[in-house]
Amino acid sequence: MRIQLIAVGQKMPDWVSTGFVTYAKRLPPECALELIEIAAGKRGKNADVARIVKQEGDAMLAACGKGNRIVTLEVTGKALTTPQLAQRLDAWQMDGRDVSLLVGGPEGLSADCTAAAEERWSLSPLTLPHPMVRVILAESLYRAWSVNANHPYHRE
């Protein structure tokens with residue numbers, strides 16, 4: 001299984017790339033995690049935000065592999081404990097499809113993205129900075145994998 005993190009935004013600080021890559025590299029090939037960055041639309045005083053969000057959503061959905069399970073990250077999504085995420089990860093692997101995790105821009109995800117989602121996941125009821133979401137998500141997936149693999153990382 002391959003997991004795609006498809007996120008709006010580019011040119012993240014170095015600590016974001018370092019953190020994401022640290023955990024992504026720890027995952028085995030049968031649970032590979034890759035990042036696909038979608039350019040954020042230009043936002044200004046007179047910007048058509050609805051059109052920008054729609055364009056970002058269209059680009060995110062186009063980046064999803066055909067037949068992938070789409071999971072959106074939303075404040076209103078389902079909160080998961082680490083053991084619950086480990087169960088979801090196991091179910092995703094048994095499903096046989098790749099997974100696309102979608103993280104929207106400042107205004108969130110387009111209606112098309114939420115409509116395409118098979119699952120909605122919340123990392124926190126707080127609104128998290130988007131750069132931090134990438135690192136938290138990668139670490140959470142690695143921790144869930146470590147639970148399933150009975151790896152000592154989860155017990156550290």
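Modeller: One definition comes before the rest. A residue is buried under 20% relative accessible area, exposed over 50%, and partly exposed in between. Keep in mind that this is a predicted model.

Lys54 forms a salt bridge with Asp58. The closest N and O atoms of that pair are 3.1 Å apart. Both residues lie in helix H2. They are 4 residues apart, about one turn of the helix. Asp58 has a relative accessible area of 34%, so Asp58 is partly exposed too.

Why can such a pair form? Side chains of opposite charge can pair when their charged atoms come close. The cut-off used here is a side-chain nitrogen of Lys or Arg within 4 Å of a carboxyl oxygen of Asp or Glu. By this rule the model has 16 salt bridges.

Other pairs reach across the chain. Take Asp98 and Arg2. Their salt bridge has its closest N and O atoms 3.7 Å apart. Asp98 lies in the loop between H3 and E4, while Arg2 is in strand E1, residues 2-8, so the pair ties together parts that are 96 residues apart in sequence. Asp98 is partly exposed at 24%. Arg2 is partly exposed at 32%.

Next come Arg43 and Glu107. Their side chains meet in a salt bridge of 2.7 Å, N to O. This pair also links distant parts of the chain, 64 residues apart. Arg43 is in the loop between strand E2 (32-38) and helix H2 (49-63). Glu107 is in the loop between E4 and helix H4 (111-116). Arg43 is partly exposed at 29%, and Glu107 at 40%.

Some salt bridges join into a network. Its members are Arg69, Arg88, Asp95, Arg97, Glu118 and Glu119.

Now for the strands and helix around these residues. Strand E3 covers residues 69-79 and strand E4 residues 99-103. The two run parallel, joined by 4 bridges. Ile70 has Ser100 in E4 as its bridge partner.

Conventions. Residues numbered from 1 in each chain as written. Predicted model: local features only at pLDDT ≥ 70, side-chain atom pairs only at ≥ 80, totals over all residues. Heavy atoms only, no water. Pairing = 2+ DSSP bridges. Buried < 20%, exposed > 50% of the residue type's maximum accessible area, 1.4 Å probe, protein only.
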